[in-house]
Amino acid sequence: MANGGCAQSARLPRATATDAESQTGEPVAFSHEPPGKMEELEHTCPQPRTTLTEPAIFMQDTSCDCRAPHEKLTIEQAKHGTPVDRPVRVYADGIFDLFHSGHARALMQAKNLFPNSYLIVGVCSDELTHKYKGFTVMTEDERYEALRHCRYVDEVVRDAPWTLTAEFLEKHKIDFVAHDDIPYSSAGTEDVYKHIKEAGMFVPTQRTEGISTSDLITRIVRDYDVYARRNLQRGYTAKELNVSYINEKKYRLQNQVDRMKEKVRTVEEKSKHFVYRVEEKSADLIQKWEEKSREFIGNFLELFGPDGTWKQMFQERSGRMIQAFSPRSSPSSSPTREVSPSRSPSPPSRWASARNSPPSSPKGASASISSMSEGDEDEK
């Protein structure tokens with residue numbers, strides 16, 4: 001059981017040798033210790049767990065094998081961290097049926113009552129519980145295992161007594177008992193913790209409102225039909241649930257109706273989602289159509305409007321076609337006509353004189369060429 005040592009020692013008388021000889025006549029070695037020296041015994045009380053990698057241990061027949069005397073502590077001493085050589089041993093007991101957060105919070109308070117504490121949790125057996133309190137949902141083995149896996153518990157006592165006796169407290173070397181301060185009337189007494197309170201060993205904890213084993217059982221009984229239908233749907237038989245034949249058929253019919261309702265609800269949700277998507281797509285299409293329409297109208301007006309590109313191109317092409325089909329402009333001077341024989345002969349022109357008479361000199365030839373060019377320009 002011991003998993004750690006401590007420094008403080010209890011003192012027991014130890015025999016010392018004298019200068020007399022033994023019965024054999026041989027001298028006996030003298031002790032260097034002065035007379036009255038006490039033997040030092042180290043505490044071997046279990047230390048609090050430092051890790052949470054393993055569940056809490058089960059208490060053996062003997063809770064603590066430490067030979068050091070167990071001195072009585074006051075609450076003030078324990079709160080100040082004394083004794084420093086061993087943890088304060090705190091005991092909390094209960095049924096712990098349907099282990100829930102209210103149980104865990106009570107054990108958390110018991111564990112944190114003192115700076116250095118070792119929490120021992122006693123769990124009553126099914127026999128005692130059924131006798132004094134009533135039937136349980138979980139078996140005693142299930143309740144034992146549930147307590148072992150609570151992070152605040154250092155040790156579990158199986159088959160704990162219903163009323164704590166002085167022998168039990170001494171056997172397990174318990175310093176304080178933690179429980180809520182409400183008088184717990186049971187086993188023919190008004191408060192089973194009355195003698196613990198009178199001895200100054202009781203430390204109160206606070207109950208968690210809104211949750212208890214009785215509350216959980218009340219919820220199950222109140223919603224019995226719901227849980228029966230749920231377990232039938234999960235494969236439990238009517239015999240296992242203690243359900244009659246008629247109720248079984250009624251529950252199965254209700255389960256089928258609920259499935260149909262769920263399918264209808266699913267179809268409605270899918271339809272709503274589909275309609276929403278269609279509306280969303282329609283809005284996008286309308287918006288894109290409006291954008292394309294505005295773009296088309298703008299391009300049309302730019303091309304075919306009053307000052308559009310098409311009008312300018314048409315005017316340019318019309319001008320080219322008019323120029324192509326219109327006749328050339330008439331010359332400024334009309335050409336000379338031939339003289340008929342009946343008319344009087346006109347004097348010879350310069351051309352004739354130029355052709356008939358050869359030039360007498362180069363200067364004269366150049367003058368005649370220049371006069372011809374002038375005549376051409378006049379004709380043009």
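Tyr 91 is found in strand S4, where helices (DSSP runs of H or I, at least four residues) and strands (runs of E, at least two) are numbered from the N terminus. In this predicted model, local features need pLDDT of at least 70 and side-chain atom pairs count only at pLDDT 80 or more, whereas totals for chains, interfaces and linings use all residues. Residues are numbered from 1 along each chain as its sequence is written, and side-chain values use heavy atoms, with hydrogens and water left out.

Tyr 91 has a relative accessible area of 0% and is therefore buried; buried means under 20% relative accessible area, exposed over 50%, and partly exposed in between, with a 1.4 Å probe and protein chains only. Leaving out residues up to four places away in sequence, Tyr 91 touches Ile 120, Val 121, Gly 122, Val 157, Ala 160, Pro 161, Leu 164, Phe 168, Ile 174, Phe 176, Val 177 and Ala 178, a contact being heavy atoms within 4.5 Å. From Tyr 91 to His 172, 81 residues apart in sequence, the C-alpha to C-alpha distance is 9.3 Å.

The largest nonpolar core has 22 residues, and Leu 107, Val 121, Leu 147 and Val 153 have the most contacts inside it. A nonpolar core is a set of buried Ala, Val, Leu, Ile, Met, Phe, Trp, Tyr and Cys residues joined through side-chain atoms within 4.5 Å. Two or more residues of this core are given by each of strand S4 (88-94), helix H2 (101-111), strand S5 (117-123), helix H4 (140-148) and strand S7 (176-180). Apart from this core lies another, of 16 residues, including Ile 120, Ala 160, Leu 169 and Val 192. In soluble globular proteins, nonpolar side chains tend to be buried together.

The buried residues of H2 are Gly 102, His 103, Ala 104, Leu 107, Ala 110 and Lys 111. An α-helix has 3.6 residues a turn, so residues three or four places apart point the same way. The cover over the buried residues of H2 includes S4, S5, H4, S7, strand S8 (202-205) and helix H7 (213-222).

On a 1 Å grid over the protein atoms alone, a pocket is an open set of points with protein on both sides within 12 Å along at least five of seven lines, and lining residues have an atom within 4 Å of a point. The lining has 35 residues, of which Ile 95, His 103, Lys 133, His 179 and Arg 207 lie nearest the pocket centre. S4, H2, S7 and H7 are the elements that give two or more residues to this lining, and the largest share, 4 residues, comes from H2. The lining divides into 16 nonpolar, 14 polar and 5 charged residues; Ala, Val, Leu, Ile, Met, Phe, Trp, Tyr, Cys and Pro count as nonpolar, Asp, Glu, Lys and Arg as charged, and the others, Gly among them, as polar.

Two loop residues deserve attention for their backbone. Most residues other than glycine have a negative phi. Leu 98, which is not a glycine, has a positive phi of about 50 degrees and is placed in the loop between S4 and H2. Lys 173 likewise has a positive phi of about 50 degrees without being a glycine; this residue lies in the loop between helix H5 (166-171) and S7, and is buried, with a relative accessible area of 11%.

Asp 126, in helix H3 (residues 126-132), counts as buried at 15% relative accessibility. Its contacts beyond four places in sequence are Thr 136, Met 138, Thr 139, Glu 140 and Arg 143. Arg 158, in strand S6 (residues 155-158), is partly exposed, with a relative accessible area of 42%. Beyond its neighbours within four places in sequence, Arg 158 is in contact with Phe 58, Val 123 and Tyr 144.

For the chain as a whole, the secondary structure comes to 12 helices and 8 strands, and 26% of the 380 residues count as buried.

Technical notes:
On a 1 Å grid over the protein atoms alone, a cavity is a set of points where a 1.4 Å probe fits but cannot get out, and a pocket is an open set with protein on both sides within 12 Å along at least five of seven lines; lining residues have an atom within 4 Å of a point.
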